[in-house]
Amino acid sequence: MHIWVDADACPNVIKDILFRAARRTGLPLTLVANQPVRVPPGPTIRSIQVAPGFDAADNWIVAQVQPGDLVITADIPLAAAAIDQQADALNPRGEFYTKANIGQRLTMRNFMDQLRSTGVDTGGPAAFNQRDRQAFANQLDRWLARHRQR
């Protein structure tokens with residue numbers, strides 16, 4: 001099992017939760033980004049800088065992910081690719097992407113993208129808050145507990 005992080009847009013508070021979890025459990029944690037990402041020292045924590053380019057970090061993660069791994073991302077196409085490879089995908093707000101909901105999420109994402117391309121201001125996501133942080137920590141703990149039993 002491995003935890004992969006789409007680190008370019010991952011909030012620092014979520015990275016801190018992941019660093020603590022990796023130190024506590026000994027699970028490998030890899031942050032992947034187009035820019036350098038500082039990580040604390042630890043035998044299972046590392047950072048990979050990929051070449052600049054659209055979806056370069058996502059493509060790198062997809063090439064590495066294995067069944068049973070966990071991918072942390074807000075990127076819905078990356079989450080879909082992880083699910084296709086029998087990995088789990090969790091967004092930084094504490095919501096799991098699943099086979100049951102990923103199709104609907106992709107459809108909505110594509111619809112919103114079409115609206116934006118025609119000039120419609122669709123707004124952005126709500127500000128990241130304490131409730132999101134707690135939801136993420138709770139879901140991560142549940143995932144870790146389920147996978148420790150395997």
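I began with Val5 and looked up its bridge partner in β2, which is Leu31. I keep in mind that this is a predicted model.

Next I checked the strands around that pair. Strand β1 covers residues 3–6 and strand β2 covers residues 29–33. I found four bridges joining β1 to β2, and the two strands run parallel.

Then I took in the whole sheet. I count six strands in an open sheet, and I read their order as β3-β2-β1-β4-β5-β6. The pairing is mixed. At the edges I found β3 (45–49) and β6 (96–97), each pairing on one side only.

I turned to the helices that pack on this sheet. Helix α1, residues 12–25, touches β1, β2, β3 and β4 (70–72). I noted that the direction of α1 makes about 150° with that of β2. Helix α5, residues 130–148, also packs on the sheet, where I see it touching β1, β4, β5 (88–90) and β6. For α5, the direction makes about 160° with that of β5.

My last stop was His2, in the segment before β1. Is His2 buried or exposed? I have it as buried, because its relative accessibility is 13% and the cut-off for buried is under 20%. I also looked up what surrounds His2. Beyond its neighbours within four places in sequence, His2 is in contact with Pro28, Leu29, Thr30, Asp69 and Leu70. With Thr30 there is a polar contact too: the side chains of His2 and Thr30 are joined at 2.7 Å.

Definitions and conventions: Residues numbered from 1 in each chain as written. Predicted model: local features only at pLDDT ≥ 70, side-chain atom pairs only at ≥ 80, totals over all residues. Heavy atoms only, no water. Pairing = 2+ DSSP bridges. Contact = heavy atoms within 4.5 Å. Axes fitted to C-alpha atoms, helices over the stretch in contact; angles between N-to-C directions. Buried < 20%, exposed > 50% of the residue type's maximum accessible area, 1.4 Å probe, protein only. Polar contact = N/O pair within 3.5 Å; in protein donor to acceptor, adjacent residues only side chain to side chain.
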